[in-house]
Amino acid sequence: MSLLILTYNPYKKAPIVSIKGQPVLLFNNKQSTLLEALEFKKLEVFSECRNGFCGACKTKINSGEVTYVTEPLVELADNECLPCCCVPETNIDLDMSHTPSPTLNLFDAIDKVKEPV
Ligand code: FES
């Protein structure tokens, strides 16, 4: 006999996702990540790898908490998240005033690999 532990709570409220205090969506788990939910609402979010290793989508969290569906490989401050690999755990307010990460741009990295030595 196996033991099944259910962690899904059908009575949990869908977290409200806001940007700079303006509510933009209810996260109802129809998309697998916060990035997909923002894009579904036609919000433009800069992203590259979409898998937590480039840092392109990194944004500041003004309030709230996220849970990662994929462990991020980018160093994050306590008040930052990667929308491409997380979901909101509580109501969340994001800053989203993003400038692309100077640490790694995939296209620059590919060009460097192609450069002759
Ligand atoms: S798009 Fe690369 S970490 Fe989010």
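In which sense do strand β1 and β2 pair, and over how many bridges? Strand β1 (residues 16-19) and β2 pair in the antiparallel sense over four bridges. Two strands count as paired if DSSP finds at least two bridges between them; strands (E, at least two residues) and helices (H or I, at least four) are DSSP runs numbered from the N terminus.

This is a predicted model, in which local features need pLDDT of at least 70, side-chain atom pairs count only at pLDDT 80 or more, and totals for chains, interfaces and linings use all residues. Residues are numbered from 1 along each chain as its sequence is written.

**The sheet**

Five strands form an open sheet with mixed pairing, in the order β2-β1-β7-β3-β5. Because β2 (22-26) and β5 stand at the edges with a single partner strand each, one side of each is left without a neighbour in the sheet.

| Strand pair | Bridges | Residues standing opposite |
|---|---|---|
| β1 and β2 | four bridges | Val17 and Leu25 |
| β3 and β7 | two bridges | Ile61 and Leu94 |
| β3 and β5 | two bridges | Thr59 and Cys81 |

**The core**

The largest nonpolar core has 17 residues, and Leu34, Val66 and Cys86 are among those with the most contacts inside it. Elements giving two or more residues to this core are α1 (34-40), β6 (86-88) and β7 (92-94); α1 provides the largest share, four residues. Such a core is a set of buried Ala, Val, Leu, Ile, Met, Phe, Trp, Tyr and Cys residues joined through C-beta atoms within 7 Å, where buried means that 20 or more other C-beta atoms lie within 10 Å of the residue's own, with C-beta atoms placed from the backbone.

Technical notes: Buried ≥ 20, exposed ≤ 12 C-beta atoms within 10 Å, placed from the backbone.
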